[in-house]
Every structure is written in structure tokens, then in C-alpha cells.
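Trainee: I would like a close look at one pair of packed helices. Please take me through the pair slowly, then show me what surrounds it.

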Amino acid sequence: MIDLRLLREDPDRVRASQRARGEDVALVDALLSADERRRSSSVRFDALRSEQKALGKLIPKAAGEEKTELLKKAGELSAAVKAADAEQDQAAEETQRLLAQLGNLVHPEVPVGGEDDFTVRETVGEPRDFTAEGFTPKDHLELGQLLGAIDTERGAKVSGSRFYYLTGIGALLELALVNAAVAQATEAGFVPMLTPALVKPRAMEGTGFLGQAAENVYHLEKDDYYLVGTSEVPLAAYHMDEIIDADRLPLRYAGFSPCFRREAGTYGKDTRGIFRVHQFDKVEMFSYVAPEDAEAEHMRLLEWEKQWLTGLELPFRVIDVATGDLGASASRKYDCEAWIPTQGKYRELTSASNCDEFQARRLSVRMRGEWPGAAASASTPSSGGGGRTGGHVRPLATLNGTLCAVPRTIVALLENHQRADGSVRVPEVLRPHLGGRELLEPGAK
RNA sequence: GGAGGCUUCGCCUAGUCUGGUCUAUGGCGCCGCACUGCUAAUGCGGUUUGGGGUAACCCCCCAUCCCGGGUUCAAAUCCCGGAGCCUCCGCCA
């Protein structure tokens with residue numbers, strides 16, 4: 001969620017952000033009035049409570065008639081305090097409820113609009129010219145079946161549409177991808193993590209997935225567990241309710257977990273193959289940084305994604321996702337889209353989001369350290385004594401970026417590296433993880 | 001699944017039986033100052049978090065003893081419910 005203080009000081013900025021996202025602007029005014037109600041009732045409560053406390057000190061010392069009198073007065077006061085307390089609670093609850101509905105502030109440079117209003121930041125590599133090579137590319141499913149790597153028919157038989165089996169070389173390919181991705185992340189300083197795939201409501205709520213995105217989340221009603229759609233959720237909630245010393249930042253985790261998505265409202269879309277599925281595995285990068293370092297970290301995540309895709313020798317482009325497609329928690333999002341030959345389009349393979357303090361506030365993850373302005377320059381007579389390591393407690397920023405979402409990466413690999421005979425060239429980086437194999441061949445074991 | 005124990009302001013801890021003097025004790029750590037001819041020792045002071053008042057500061061006020069209810073004029077303390085952790089038993093990969 002966003003900073004209430006910022007909302008009070010600059011409501012127009014919040015309104016502009018809501019408008020850009022295509023969300024309800026009236027929410028901002030409702031929030032302001034709820035906050036004002038909360039504030040005034042809080043002042044009233046404090047005054048009454050203060051009076052009650054003072055009276056409470058007199059009672060044990062008093063006796064006889066005086067005591068009876070005091071007790072009578074205390075009784076009346078008590079009722080007033082309870083009423084004021086209830087009012088305060090109600091207003092605070094309302095404020096929180098409304099605040100939780102507000103999306104993150106969008107970065108001013110993000111293109112305004114819907115799904116198709118992105119801007120292209122750069123294009124890396126060239127799509128292959130299959131015409132020049134003299135053959136028509138097969139799609140990933142056909143290739144997967146030839147290679148004995150993908151079985152969607154049995155996936156559907158056992159679990160329904162949008163489920164699949166990775167078989168034989170397909171299974172090995174996933175393991176190779178995961179190992180290569182984790183190796184790259186570890187090399188870059190990420191701590192590898194295997195995370196829970198079932199989380200409690202607070203984790204899901206805190207990461208911002210129970211807003212508009214809620215319809216895409218699986219929920220186990222009986223136990224009130226949610227199935228995560230990404231390990232971003234358990235990684236963000238990992239430090240929930242913690243205060244992290246500034247000198248430990250940045251904290252970088254590479255999570256590997258299954259991901260579950262209902263894919264509601266995607267009926268006609270991507271029904272063939274494994275491009276869009278209900279369950280898949282993913283290696284995800286996650287960073288906790290000081291807010292002033294968030295934009296730089298965002299670029300770093302993007303660079304690591306580019307390094308990954310470049311290593312896989314896939315042609316791709318990077319887009320700056322438009323406001324309407326950001327999701328609740330991101331202020332800015334860069335997607336890497338790989339070229340899919342049989343679709344003749346670039347399609348999303350990875351996505352890097354800067355959530356600023358949005359998730360950290362909701363999950364109460366904070367850092368202890370100097371404010372960015374008040375660096376080590378001035379002698380900082382640090383108010384009233386100092387505290388532990390000196391420095392203030394404030395929310396930090398969280399960012400996440402896909403390293404390897406397995407099925408989509410397999411789609412891109414098979415299609416881009418196929419040869420006329422249906423075999424598929426293995427890019428160099430994966431070879432060590434596939435027993436040195438340079439080629440995936442139909443009929444081979 | 002069964003039985004028991006535990007949860008206090010960074011960490012450890014006193015307080016809970018017997019409600020008000022708890023503005024929560026002490027130790028460690030940390031911050032500041034003083035002193036000492038040198039990063040040690042000692043002394044003094046400070047050190048939960050959130051919210052509000054304030055242009056802001058000093059400061060003041062309110063809440064906060066795992067969470068939520070209740071009893072009471074008054075709850076860390078009494079009652080009910082819940083969560084988490086630990087131990088033992090059962091079951092299980």
C-alpha cells in the first residue's frame with residue numbers, strides 16, 4: 001500500500017496514478033475523508049482516555065463518600081471512552097480497508113494505457129529467417145511430441161485442460177534449465193531458496209494478489225490456504241514483520257517453486273501446447289533494497305534476465321509495460337518477450353517489477369538505517385539519544401524478476417533452435433546440465 | 001490426532017498466584033556524553049513500535065506485555081476464544 005502521509009500531502013498525485021491505472025478515482029476522496037474521521041476521533045479518544053487515567057489514580061486513595069462520587073464519575077467516563085474507542089476503531093478499519101484497495105503509485109515515465117500501449121525499450125538478436133533456410137518451422141507442441149518431451153493429451157486426461165506432462169528429455173530439459181538458472185543467480189549473489197507453495201491469506205494479500213488478480217488465484221477453502229502463482233509471494237513474506245539492518249541490504253533470493261494459476265478469463269487464448277498452463281515451475285529473483293536504490297535494482301534485475309535469455313540464444317525485446325497492465329503492486333514493469341516463430345510475435349518470457357514500498361508496507365518489512373538525505377555527512381545529533389545502531393526505521397523496497405519460467409522457456413527454445421528434421425540444438429549454457437548433449441533428436445532416448 | 005509447557009519494549013529476563021504504586025525490573029548489546037596522554041576500563045544519560053497534536057523542533061498525549069473478545073471505575077495480571085513455538089505419544093513420506 002502507499003504512504004498515507006503522501007496521500008494527505010499530495011492527493012492529486014495519487015488521483016493521477018489511479019486514473020492512469022484505469023482505477024476508481026473516487027476511492028481517493030473516500031479515503032481522505034475516512035482518514036480525517038479517524039484522526040478527529042483519535043484526538044477525542046485520547047483526551048477522554050487521558051481524563052480516565054487521571055481519575056483512576058485518585059480512586060485507590062479516596063474513601064467513603066468521596067470514593068462513591070469518584071466511582072460514579074468514572075463509570076460515566078468509562079462509557080464515553082468505550083464509545084470513542086469504538087468510533088476510532090471503526091474509522092481506522094475503514095481507512096485501512098480503503099487503503100488496501102489502492103494500487104501502487106505508477107512511475108511517471110510508464111506509458112499510460114492498456115495491454116497494447118507498452119513501449120519497446122530495445123530489441124536483442126534477430127528472429128531467424130526460416131524461409132531462407134528453406135523450411136517451415138514446427139510449433140513447440142509438434143516438436144515436443146516428436147522429441148517425446150511433452151504430453152498434453154495425458155495431461156488433459158489426468159488433470160484437465162492446460163495441464164501437461166514433461167516426459168523423458170522434456171523432464172531433463174526442465175531440470176537443466178532450472179540448474180542453469182539457479183547457477184546464474186547464485187553466481188550473481190542470490191541465495192537459492194525452495195519455498196512453500198501454499199501460503200496463508202496474509203502473504204497473498206500482502207503481495208497484492210488478492211485485488212483484481214484474485215480470480216487467478218487458487219484457494220483451498222477448507223484450510224484457507226492459497227496456492228502461490230509465483231515464489232514472489234513466499235519470498236516477499238519471508239521477512240514479514242521484520243526490521244532489517246541497512247547494512248544487510250540488498251538481500252537477494254532466488255526462489256524455485258511450482259506456480260499455480262487459474263488463468264480465468266483466458267478461454268480462447270494460447271490453448272495449444274504449454275504456453276499458458278495452470279501449473280509450472282519457475283526460478284524467480286527477489287530483492288529487498290533501500291527505496292532510493294530500487295530503480296537501480298530494477299535495472300539490475302532486467303540485466304540478469306537479459307543475460308539469461310542471451311545465454312539461451314533467444315531473440316527478444318524488452319518492453320516498458322503500460323499502466324493498465326501493471327498489476328496492483330508494481331510501479332513499473334519491464335517484460336522480456338522472446339520471439340516465437342510460429343506465432344510471428346514476441347511473447348512474454350520474463351517480467352521484472354519494481355514494487356517500491358508497496359508490498360513492504362502491507363507485509364510490515366522495514367529497514368533500519370539513515371535517511372537517504374541525511375547521509376553520514378552532518379554529525380547527526382540523532383534525536384533524543386540515538387537508538388540501537390542509530391538510524392530510523394522505515395519501509396524498504398521489494399522487487400521481483402523472473403529468471404526462468406520453465407514451460408515458456410521450453411516453448412521458445414524448441415521453436416527457435418529447431419532444425420528441419422525436427423531436432424533441436426541445445427544452447428551452450430545448457431549443455432553442461434544435459435550431460436554435454438548438443439542436440440535433442442526425435443526418437444533418441 | 002492426543003497430552004503438557006511456553007509467548008513481556010533488539011536478545012535474555014523480573015513481574016502474573018494476591019488487578020490500581022507497571023510511567024513494566026535487571027543483564028547483554030547499541031547510541032551519546034564525561035574522564036583517562038591513544039579504539040580498554042569506569043561513570044552518567046539514553047535505547048519498543050505505531051498513531052496524534054506541531055510549519056517543524058523541543059516537547060506533550062494516546063495505544064502497544066503473542067492476537068481477539070469479556071469482566072471491572074481500572075487488566076501484563078482475572079475469564080473465554082484463537083495463533084505460534086517447544087516437549088512427549090500416535091500416525092506417516
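Mentor: Start with helix H8 (residues 169-187) and helix H13 (residues 406-416), which pack at an angle of about 105° with their axes 10 Å apart. This makes H8 roughly perpendicular to H13, because angles of 65 to 115 degrees get that name, while those under 35 count as roughly parallel, those over 145 as roughly antiparallel and the rest as oblique. An axis here is a line fitted to C-alpha atoms, for helices over the stretch in contact, and angles run from 0 to 180 degrees between N-to-C directions. Helices (H or I, at least four residues) and strands (E, at least two) are DSSP runs, numbered from the N terminus.

A word on the model. It is predicted: local features need pLDDT of at least 70, side-chain atom pairs count only at pLDDT 80 or more, and totals for chains, interfaces and linings use all residues. Residues are numbered from 1 along each chain as its sequence is written, and chains are lettered from A and ligands numbered from 1 in the order in which they are written.

Now the residues that meet. H8 brings Leu 173, Glu 174, Leu 177 and Val 178, and H13 brings Val 406, Thr 409 and Ile 410. Contact means C-beta atoms, placed from the backbone, within 7 Å. The residues of this contact divide into five nonpolar, one polar and one charged. Nonpolar covers Ala, Val, Leu, Ile, Met, Phe, Trp, Tyr, Cys and Pro; charged covers Asp, Glu, Lys and Arg; the others, Gly among them, are polar.

Next, the chain around the pair. Chain A has 13 helices and 18 strands. Its C-alpha atoms fill a box of roughly 105 × 55 × 40 Å, taken along the principal axes. It is divided into domain 1 (4-101) and domain 2 (119-440), with bounds from an automatic or database domain assignment. The C-alpha centres of the two domains lie 42 Å apart. Four residues of domain 1 are in contact with four of domain 2.

Last, burial. Of the 445 residues of chain A, 38% count as buried. Buried means 20 or more other C-beta atoms within 10 Å of the residue's own, exposed 12 or fewer, and partly exposed in between. Take strand E13 (residues 345-354), where Glu 348 lies. Glu 348 has 16 C-beta neighbours inside 10 Å, so it counts as partly exposed. Ser 351 is also found in E13. Ser 351 has 23 such neighbours, so it counts as buried.

Conventions: Two residues are in contact if their C-beta atoms, placed from the backbone, lie within 7 Å.
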